[in-house]
Amino acid sequence: METQISEPASQSPDTYQLPPDDVAAIDQLGESYRSFKEEIAKVIIGQETVIEQLAIALFARGHALLMGVPGLAKTLLVSSVAEALDLTFSRIQFTPDLMPADITGTDIIQETDSGKREFQFIKGPVFANLLLADEINRAPAKTQAAMLEAMQERRVTALGHSYVLEPPFFVLATQNPVEQEGTYPLPEAQLDRFMFLIDVDYPSAEEERRIARETTGAAKDKLKTVLTGEQVIAYQELVRRMPVPDHIYDYAVDIVRKTRPTLDTSPEWIKEYVGWGAGPRAVQYLILGAKARAAIHGSYMARLEDIEAVTLPVLGHRVLTNFAAEAQGMTSNKVVERLVEEMHEA
């Protein structure tokens with residue numbers, strides 16, 4: 001299976017231009033990220049790590065899957081991100097009867113000015129810069145296949161014709177881990193297309209008190225737009241130019257290879273608890289995630305702390321545990337956390 005992540009298209013002369021010096025451009029990205037966080041914080045209380053991971057995925061040109069029980073403002077968070085960005089936004093509520101044409105669009109017969117009738121393609125909601133796939137695990141396999149093409153190829157095929165999705169294209173999906181009735185487990189191939197699986201946890205007691213105070217009063221003003229599509233594309237290209245030391249590449253390759261129980265170099269406990277390990281796409285996303293995190297925090301080079309910070313959201317949904325692990329309460333996240341700890345101590 002092809003795992004190469006294609007490079008973004010070069011900018012046209014009329015698009016947004018960063019400062020010629022990448023150091024100044026990274027400083028500017030840091031300021032834009034701080035403004036982005038401030039706007040989101042007007043609506044979303046707490047969840048700083050979740051917001052940071054969303055920003056990393058955005059600037060690394062990856063998709064993200066938000067996992068959490070109902071009521072944790074996952075949908076509100078995504079819609080707030082769309083409001084703070086000057087991007088076209090669509091929301092698809094996934095249901096068991098959702099068909100591929102409901103996402104991609106379809107041909108309809110239209111009458112032309114000359115009186116002739118011909119087919120005209122009407123674009124579906126996937127033709128947006130930011131797509132919210134709400135409860136994505138409720139759609140059947142044929143609909144997931146349409147989403148898979150859009151996420152990986154950034155194009156859709158309808159009735160034999162291909163249509164390119166305009167950049168930037170960013171899928172934020174939500175999934176409820178509790179309710180299983182009427183759901184379809186996402187194929188592993190589609191899970192692998194998500195750069196991050198972001199766990200949205202319960203707020204702290206103080207944050208919950210703030211939620212009670214601040215969300216039960218008067219309606220708040222709309223969020224200000226802090227980034228345009230051209231700026232997002234420019235920052236995505238900037239992230240790709242971030243330098244990465246050799247030991248960071250070594251770390252990404254080593255930890256991904258350690259998740260594979262079939263390799264002799266993997267720890268014995270991995271062979272005991274893991275059924276399938278992560279593929280090469282995980283290495284790519286670890287590097288891109290480290291680059292993006294370093295950039296938004298004002299660092300001019302990817303550091304060990306950056307790649308450690310993105311290891312769990314990158315690998316958590318790519319490491320598949322077996323029955324022995326389930327019996328011992330060893331989840332995929334615990335496997336990744338243990339690997340990070342062992343590599344940190346080595």
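This tour visits a sheet and then a pair of helices.

The model is predicted, so local features need pLDDT of at least 70 and side-chain atom pairs count only at pLDDT 80 or more, while totals for chains, interfaces and linings use all residues. Residues are numbered from 1 along each chain as its sequence is written, and side-chain values use heavy atoms, with hydrogens and water left out.

Begin with the open sheet of five strands, whose order is 3-6-9-1-10 with parallel pairing; here strands (E, at least two residues) and helices (H or I, at least four) are DSSP runs numbered from the N terminus, and two strands pair if DSSP finds at least two bridges between them. Select 89–93 and then 194–199 to see the edge strands, strand 3 and strand 10, each of which pairs on one side only. From one strand to the next, the twist averages 15°.

Which residue of strand 6 is the bridge partner of Q93? The partner is D134.

**The helices.** Next select residues 22–41, helix 1, and residues 74–84, helix 3, whose axes come within 10 Å and cross at roughly 130°; axes are lines fitted to C-alpha atoms, for helices over the stretch in contact, and angles run from 0 to 180 degrees between N-to-C directions. Finally, show the side chains of F36, E39 and I40 in helix 1 and of L77, S80, V81 and A84 in helix 3, the residues that make the contact (heavy atoms within 4.5 Å).
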